[in-house]
Amino acid sequence: MDCVIEAADVWKMFRLYHDRAPTLKEQVLFSHRRKYDELWVLKGVDLKVEKGRTLGLIGQNGSGKSTFLKLLTRIIYPDRGNVKIKGKVSSLLELGAGFHPDFSGLENIYMNAAIFGLTKKEIDRRLEEIIDFSELEEFIDSPVRTYSSGMYMRLAFSIAINVDPDILLVDEILAVGDEGFQKKCFNKMKSFKSQGATIVIVSHSLGQLEMLCDELAWLHEGVLLEQGVPADVIGKYRTEVFAAEDRRAETKSRLQAEHVREEATPDPERNSLDDPEEGDIPIEITPPKRRGNGSVEITGVAFMDRSGRGKTRFESGEPCVIEMRCHKHKPVDNLVFGIAIYRNDDLWCYGTNTLIDRQPTDVQIMGDGIVVRVNIAKLNLVEGEYYLNVACSDGLATEYDYLVRCLDFTVYSQIKDVGVCRLEHRWEISGLNDRGAAVAAER
Amino acid sequence: MLSVLRELYAYREMYKNMVKRNLRTRYKASFFGFLWTFINPLLQLVVYSVVFSTIMRMNIKNYPMFLFVVLLPWIFFANTTQEATGLIVSNNNIIKKVYFPREILPLASTTAGLVNLGLSFLIAFVALLLFRIPLTLSLAALPLVMILEFIFTLGVSLLVAAITVYFRDVEHIWGILMMAWFYLTPIVYPLNVAPGKYLKYLFLNPMVTLTEAYRDILYYGVFPYFPGLGVFALMSCFVLVFGYLVFRRLSKGFAEQV
């Protein structure tokens with residue numbers, strides 16, 4: 001097959017300078033002293049892209065995908081190995097390169113398109129399309145410095161995308177302009193694809209990549225782990241990323257639980273747990289904000305799936321269990337357990353307690369061993385980041401123990417509905433044609 | 001080598017634009033705008049005329065013109081190479097963002113300098129006539145000398161442009177170097193004032209041949225010494241190739257250094 005991009009054993013190193021001062025004097029005097037760390041961002045990447053294919057690059061932050069894209073633009077060069085590229089490359093990495101604020105939009109079109117390697121004739125031919133696409137007809141003769149940032153980006157984007165490249169490089173599908181403009185960009189990219197252009201996209205939006213790409217490549221810490229059909233690669237990537245996140249979260253919640261437990265007998269006047277744990281715990285954890293008189297102490301909190309495995313990522317609608325372990329230090333008259341779920345922007349999404357739910361709580365035993373479970377049949381929150389507060393009190397004014405933001409968790413979903421929670425629903429539309437009705441009936 | 005030329009040809013529109021922009025932005029936002037290209041040498045000439053005809057009388061006929069016709073080429077060389085020291089760094093916004101043959105930048109800036117020199121010479125021609133110095137057939141050699149100076153200047157520009165990216169001190173060293181070079185070249189003085197035993201060393205300075213050629217053509221109205229120019233031409237080509245090779249090699253790291 002005809003490969004337009006061929007990267008063979010590509011290594012790239014960046015120097016992280018401790019204190020960058022590359023003057024002649026220092027270069028000469030301190031040549032023996034190394035003032036930088038070497039950071040290998042790419043470690044032997046082999047990648048081929050055939051003509052007309054759309055390749056998506058995925059990977060976590062720092063995996064080297066943007067660096068790889070930059071190597072393809074020939075702005076930077078690999079330290080080892082080589083990159084072969086056939087055809088005209090345009091990138092949507094850095095837009096508006098070489099715009100001069102004092103020149104008009106029109107003059108800047110000529111300048112900017114020329115930097116992409118177009119001749120005057122070629123620019124003339126595309127001029128109308130570029131101006132049309134940018135929606136800047138009225139302002140095209142005004143100096144670019146009078147443009148708003150949105151207009152500036154629209155113009156830059158229109159030029160970059162209208163140079164008709166053989167290879168288009170995209171870093172994050174752009175958030176340029178309003179929704180209408182974004183849609184136009186998306187369509188333009190699709191039409192590129194159908195015209196046989198090769199596209200390489202870096203993105204974190206797996207959904208978009210799955211829609212656009214013919215294949216995906218997964219970079220991890222500078223190494224190419226997988227290249228193949230989008231669905232497969234995404235599957236493996238999701239599993240790995242979520243597993244890693246869960247491992248991290250598990251360590252964190254375990255540490256938090258231990259932290260709570262190892263607290264000495266609570267001081268009744270205590271307001272918060274300020275002093276961080278000493279010792280050889282490698283991860284720094286911020287203790288949750290805490291208040292209460294300590295008659296009953298919450299010693300551990302866990303968010304679990306139905307089988308009792310601790311988790312911090314849930315699919316929307318999944319069953320789950322919140323578990324609290326408590327230690328009763330003093331006899332108390334009334335005991336009320338409560339939970340509250342907040343979105344990470346502090347919106348209160350849900351809260352309930354045993355008093356509201358009329359759940360009896362006459363726990364007789366003293367000391368350790370009180371386990372409270374809240375079984376949630378369906379976690380109907382929409383996709384987002386949330387956190388959990390737990391408390392026990394007398395149901396009136398006295399709080400025994402109140403933990404603010406003791407656990408963070410994430411809800412993900414295939415369905416991209418919005419708001420706070422998902423209401424169970426079903427659509428009914430009258431006047432559908434037969435086929436539509438049949439499809440609806442099947443569902 | 002051929003592929004390089006082909007690539008430069010493909011980017012000819014950018015080159016044209018960069019030259020235009022270089023010429024236009026120089027005096028952008030000033031009242032006289034592009035006219036400054038003419039006003040600038042004119043005013044310089046007025047100053048020299050006043051100074052050297054009233055305050056500091058020189059023993060050379062039409063001294064202002066003696067100076068002026070070689071000062072203009074010197075300014076082309078000095079300004080262009082000084083500009084080259086900051087060329088890559090000041091264009092970091094495009095260097096870091098898009099690929100294009102980096103040689104375009106020094107090439108465009110040197111071309112703009114050459115265009116400026118040509119326009120300044122228009123003033124010089126008028127002034128020569130006013131000073132009643134005849135313009136002779138020797139003017140036919142002027143384009144050749146200008147092209148040779150262009151080649152030499154381009155070579156030096158490529159060299160300093162690339163090196164300054166890695167050693168920023170060159171920018172300042174170059175200023176001093178240019179001052180020394182200025183006085184080692186017979187611009188304010190005639191070549192024959194130099195003591196005989198140093199004269200042959202003076203000719204190691206390529207700018208001496210060049211300056212003398214300009215002065216022969218414009219001030220004395222005679223054809224320049226062609227064998228000397230031939231040597232200069234060879235050396236200029238060598239400087240250009242050397243400068244280009246260094247530039248090519250160092251240009252791969254520009255985006256990370258600026």
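## A buried strand residue

Strand 6 of chain A, residues 167-171, contains A:Leu168; helices (H or I, at least four residues) and strands (E, at least two) are DSSP runs, numbered from the N terminus. A:Leu168 is classed as buried because its relative accessibility is 0%. Here buried means under 20% relative accessible area, exposed over 50%, and partly exposed in between (1.4 Å probe, protein chains only). The C-alpha atoms of A:Leu168 and A:Val200 are 6.3 Å apart, although 32 residues separate the two in sequence.

## Basis of the model

This is a predicted model, in which local features need pLDDT of at least 70 and side-chain atom pairs count only at pLDDT 80 or more, while totals for chains, interfaces and linings use all residues. Residues are numbered from 1 along each chain as its sequence is written, chains are lettered from A and ligands numbered from 1 in the order in which they are written, and side-chain values use heavy atoms, with hydrogens and water left out.

## Helix 2 of chain A

Helix 2 of chain A spans residues 65-73 and is mostly covered, with 7 of its 9 residues buried. Among them are A:Phe68, A:Leu69, A:Leu71 and A:Leu72. A:Arg74 follows helix 2 of chain A and has a positive phi, near 65°.

## Salt bridges

Over all chains, the structure holds 27 salt bridges, each defined as a side-chain nitrogen of Lys or Arg within 4 Å of a carboxyl oxygen of Asp or Glu. One of them joins A:Asp79 and A:Lys12, at 4.0 Å from N to O. A:Asp79 is in the loop between helix 2 and strand 4 (80-85) of chain A and A:Lys12 is in strand 1 (residues 3-17) of chain A, so this pair ties together parts 67 residues apart in sequence. A:Asp79 is partly exposed at 39% relative accessible area, whereas A:Lys12 is buried at 2%. A network of salt bridges links A:Lys12 and A:Asp79 with B:Glu256.

A further salt bridge pairs A:Arg145 with A:Asp102 at 2.9 Å, N to O. A:Arg145 lies in the loop between helix 4 and helix 5 of chain A, and A:Asp102 in the loop between strand 5 (89-92) and helix 3 (105-115) of chain A, so parts 43 residues apart in sequence are tied together. In the salt bridge of A:Arg373 and A:Glu323, the closest N and O atoms are 2.8 Å apart. A:Arg373 belongs to strand 16 (residues 367-376) and A:Glu323 to strand 13 (residues 320-328) of chain A, so the pair ties together parts 50 residues apart in sequence. A:Glu323 is buried, with 7% relative accessible area.

## Cysteines

The structure holds 0 disulfides over all chains, a disulfide being a pair of cysteine sulfur atoms within 2.5 Å. The cysteine sulfur closest to that of A:Cys392 is in A:Cys326, 5.1 Å away, which is too far for a bond. A:Cys392 is buried, at 0% relative accessible area, and A:Cys3 is also buried, at 14%.

## Chain B

Chain B has 13 helices and 0 strands. Of its 258 residues, 53% are buried.
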